[in-house]
Amino acid sequence: MKVRTTVRAAAAAALLCLAAVACGPDGGAQDDRSGRTGKGAAGTGAPASPADGAPASSRPPAPAPTSDGRTLTEAGLTEVALTTGELPGWEIDPLQGTEERGTEKPDDDACRPLTAVINGSPEPAPAATVFRTAVDTAEEGQEDQTVVTEILTSHHPGDAGQLLHTVRDAVRACAGGFRTTSEDGPSTYTEVKELPAPDAGQESFAYQVTGSLEGDRVPLVFHLVRTGSTVVTFYAANYLADTVPEIPAALVTAQAARLP
């Protein structure tokens with residue numbers, strides 16, 4: 001089986017527990033550290049840095065993009081989603097198997113915004129949602145091929161900003177970790193922390209949730225970008241090692257530039 005096929009299958013399976021760890025690291029999930037999931041949507045370094053290599057503090061802030069504030073339909077989200085050929089070096093396709101979502105519920109309600117994202121169902125509930133998988137074609141054939149899952153959501157007025165606000169609050173409130181239960185059993189997340197994020201959209205926020213899979217540390221990285229009433233959630237995980245995965249800045253900024 002080609003690595004690409006295996007990696008994409010892992011990405012689709014991850015949507016149901018959006019990282020495999022949500023399938024119950026305390027409850028007998030299968031260990032995918034054989035490398036067959038690649039980076040599982042993962043890179044190999046620290047969170048993405050600005051594309052030009054200059055420290056963020058040394059550059060003037062980019063002007064905030066404008067937005068028409070539209071609440072897009074599913075067709076509208078499909079139109080603004082990146083496709084293969086629009087970003088050199090990346091193959092971007094619809095993510096299969098998104099009909100079912102995760103069912104995690106946190107023991108602490110303050111962490112609910114984090115589990116909602118992990119479940120693939122950010123809150124407040126979106127008006128429309130589409131899923132994409134972005135694959136780094138330069139790493140074709142590698143067992144640790146970079147794959148990033150994207151969740152594009154459109155929201156009713158005010159809800160997109162509320163989504164980022166509640167996630168930010170939850171990252172602070174749940175810094176020491178949290179536990180969840182789901183149809184697949186209990187899960188444990190040992191740490192939550194904010195990460196540096198490249199400028200993108202009107203709001204940009206990145207964070208790490210550290211999960212556990214069969215006793216192994218699994219870093220999960222999420223990057224939320226909002227413009228107007230549209231939010232893109234980028235997700236990456238590392239199943240092969242405990243290094244923090246990377247969501248490439250070029251992918252984030254290219255997708256953010258298409259939001260209305």
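The chat below takes up the sheet, the core, the disulfide and the salt bridges.

Q: What kind of model is this?
A: This is a predicted model, in which local features need pLDDT of at least 70 and side-chain atom pairs count only at pLDDT 80 or more, while totals for chains, interfaces and linings use all residues. Residues are numbered from 1 along each chain as its sequence is written, and side-chain values use heavy atoms, with hydrogens and water left out.

Q: OK, the sheet. What's the strand order?
A: The open sheet has 9 strands in the order β1-β3-β4-β9-β8-β7-β6-β5-β2, with antiparallel pairing, and its edge strands are β1 and β2 (105-106), each of which pairs on one side only. Strands (E, at least two residues) and helices (H or I, at least four) are DSSP runs numbered from the N terminus, and two strands pair if DSSP finds at least two bridges between them.

Q: How many residues sit between β5 and β6?
A: There are 2 residues between them, and the two strands form a hairpin. Strand β5 (residues 178-182) and strand β6 (residues 185-195) are antiparallel and share 5 bridges, with Ser 182 having Gly 185 in β6 as its bridge partner.

Q: Switching to the core, which residues have the most contacts inside it?
A: In the largest nonpolar core, which has 27 residues, they are Leu 152, Phe 234, Ile 247 and Leu 251. Such a core is a set of buried Ala, Val, Leu, Ile, Met, Phe, Trp, Tyr and Cys residues joined through side-chain atoms within 4.5 Å, where buried means under 20% relative accessible area, exposed over 50% and partly exposed in between, with a 1.4 Å probe and protein chains only.

Q: What does Leu 251 touch?
A: Leaving aside residues up to four places away in sequence, its contacts include Leu 82, Trp 90, Val 148 and Phe 234, a contact being heavy atoms within 4.5 Å. A second, separate core of 26 residues includes Leu 163, Val 167, Tyr 189 and Leu 224.

Q: Which cysteines are joined by the disulfide?
A: Cys 111 and Cys 174 are joined, S to S 2.0 Å, where a disulfide is a pair of cysteine sulfur atoms within 2.5 Å. Cys 111 is in the loop between β2 and α3 (112-118) and Cys 174 in the loop between α4 and β5, 63 residues apart.

Q: Are those two buried or exposed?
A: Both Cys 111 and Cys 174 are buried.

Q: Last topic, how many salt bridges are there?
A: A search of the whole structure finds 5, a salt bridge being a side-chain nitrogen of Lys or Arg within 4 Å of a carboxyl oxygen of Asp or Glu. One of them pairs Glu 86 with Arg 258, the closest N and O atoms being 3.0 Å apart.

Q: Where do Glu 86 and Arg 258 lie?
A: Glu 86 lies in the loop between α2 and β1 and Arg 258 in the segment after α5, so the pair ties together parts that are 172 residues apart in sequence.
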